[in-house]
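This briefing concerns nonpolar cores and strand pairing in a predicted model. Please consult the sequence and structure below alongside the points that follow.

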Amino acid sequence: MRISLTVNGELREADVWGGESLLNALRDRLDLPGSKNACEQGECGSCSVLLDGVLVCSCLVLAAQVDGHEAVTVEGLAGEDELHPVQEALTQGGGVQCGFCTPGFVVAAADLLRRNPDPSDDELREALSGNLCRCTGYQKILAAVRAAGSRS
Ligand code: FES
Ligand code: FES
């Protein structure tokens, strides 16, 4: 079936099969590989995108469901000439992890700061609790998001 949706501000069309996930459609049909497939079970947050302004795991959303809707992926967060404040802070603060988990952290943190620019530590941890890194601690990530919040 053919779907059309707005992705990162641009109207796009894709041919998808009935059981195909939004994640797959983004990566394989729309040339947007920023959202990662690390578990495909809604457990890791690597595939996080905003769908009509709500943070979702795109691996759990059917592409067919997003016909006529609006998605923002990690590729759509930065401006023309500048990184998103979360990307900037992660880069400067040494909070960039691997290419699988970082895109999801960026999208989830950007979503949090859009809703709450000055989150408490508990709110920050809660907001990022759906994003897993299997390898290391989260201190630099949390510090970077705090720094990004204070700049926005
Ligand atoms: S790939 Fe979607 S939550 Fe892990
Ligand atoms: S999963 Fe990305 S650095 Fe651990």
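The largest nonpolar core has 24 residues, and V86, L90, F105, V106, L124, L128 and V145 have the most contacts inside it. A nonpolar core is a set of buried Ala, Val, Leu, Ile, Met, Phe, Trp, Tyr and Cys residues joined through side-chain atoms within 4.5 Å; buried means under 20% relative accessible area (1.4 Å probe, protein chains only).

**Cores**
- At least two residues of this core come from each of α2 (85-92), α3 (101-115), α4 (121-127) and α5 (139-151); helices are DSSP runs of H or I, at least four residues, and strands runs of E, at least two, numbered from the N terminus.
- α3 supplies the largest share, nine residues.
- Beyond its neighbours within four places in sequence, L128 is in contact (heavy atoms within 4.5 Å) with F105, A108, A109, I141, L142 and V145.
- Another core, of 17 residues, lies apart and includes I3, A25, V56 and V61.

**Strand β3 and its partners**
- From β3 (residues 48-51), S48 and L50 point one way and V49 and L51 the other, and all are buried.
- β3 pairs with β4 (residues 54-57) in the antiparallel sense over four bridges; pairing requires at least two DSSP bridges between two strands.
- L51 stands opposite V54 in β4.
- The hairpin of β3 and β4 has two residues between the strands, and D52 takes a positive phi near 50° there.
- β3 also pairs with β5 (residues 70-72), in the antiparallel sense over two bridges, and V72 in β5 is the bridge partner of L50.

**Basis**
- Residues are numbered from 1 along each chain as its sequence is written, with chains lettered from A and ligands numbered from 1 in the order written.
- In this predicted model, local features need pLDDT of at least 70 and side-chain atom pairs count only at pLDDT 80 or more, while totals for chains, interfaces and linings use all residues; side-chain values use heavy atoms, leaving out hydrogens and water.

Key: Buried < 20%, exposed > 50% of the residue type's maximum accessible area, 1.4 Å probe, protein only.
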